[in-house]
Amino acid sequence: MIKVYIASPYTLGDVAVNVKTQMDMADKLIDYGFAPFVPLYSHFQHMAHPRPYQDWILLDNVWVLMCDCVLRLSGESKGADDETQLALENSIPVFESIAQIIDHFTDMGYNEEGR
């Protein structure tokens with residue numbers, strides 16, 4: 001399956017809304033046969049076991065590099081911008097919509113079963 005890292009705002013705006021936005025996008029990606037990585041799930045891990053901000057950034061960066069692409073959702077976010085930059089520096093494509101992901105990977109043999 002094609003692994004999609006979701007990059008989006010977290011701390012600017014309503015944190016709960018931002019987490020739900022990523023979760024909603026993950027559900028759509030699953031519907032299209034992708035394997036989303038939802039870094040804002042760490043919100044719940046942090047609630048139970050708080051860690052310094054930099055710990056989360058380091059973990060997120062590992063996952064950016066493991067994914068096949070990044071989906072950058074709209075909204076101001078230094079963290080999401082940094083994740084996007086890391087992806088581009090490592091030749092990982094960055095997209096702004098599911099349609100763009102489908103178009104890109106269709107040329108590489110994608111079908112809705114995610115293979």
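Residues are numbered from 1 along each chain as its sequence is written, and side-chain values use heavy atoms, with hydrogens and water left out. Because the model is predicted, local features need pLDDT of at least 70 and side-chain atom pairs count only at pLDDT 80 or more, while totals for chains, interfaces and linings use all residues.

Four strands make up an open sheet with parallel pairing, in the order 2-1-3-4. Strands here are DSSP runs of E with at least two residues, helices are runs of H or I with at least four, and both are numbered from the N terminus; two strands pair if DSSP finds at least two bridges between them. Strand 2 and strand 4 sit at the edges, each pairing on one side only. Strand 4 runs parallel to strand 3 (residues 69-72), and two bridges join them. Leu71 has Phe95 of strand 4 as its bridge partner.

On to the aromatics: the whole structure holds three aromatic pairs. Rings of Phe, Tyr and Trp (its six-membered ring) pair if their centres lie within 6.5 Å; planes under 30 degrees apart count as stacked, over 60 as edge-to-face and the rest as tilted. Phe37 and Trp63 are stacked, because their ring centres are 4.8 Å apart and their planes meet at 15 degrees. Phe37 is partly exposed at 21% relative accessibility, and so is Trp63, at 39%; the cut-offs are under 20% relative accessible area for buried, over 50% for exposed and in between for partly exposed (1.4 Å probe, protein chains only).

Phe95 turns up again in an edge-to-face pair with Phe105, at 6.3 Å centre to centre and 65 degrees between the planes. The two are 10 residues apart, with Phe95 in strand 4 (residues 94-95) and Phe105 in helix 5 (residues 98-106). Phe95 is buried at 9%, and Phe105 is buried at 7%.

Finally, the largest pocket has about 350 Å³ of space. A pocket is an open set of points on a 1 Å grid over the protein atoms alone, where a 1.4 Å probe fits, with protein on both sides within 12 Å along at least five of seven lines; lining residues have an atom within 4 Å of a point. The lining has 21 residues, and Tyr10, Thr11, Leu40, Tyr53 and Ile57 are the closest to the centre. Helix 2 (42-48), helix 3 (53-66) and helix 4 (78-89) each give two or more residues to this lining.

Notes. Points joined across faces, edges and corners; volume = space filled by probe spheres on them.
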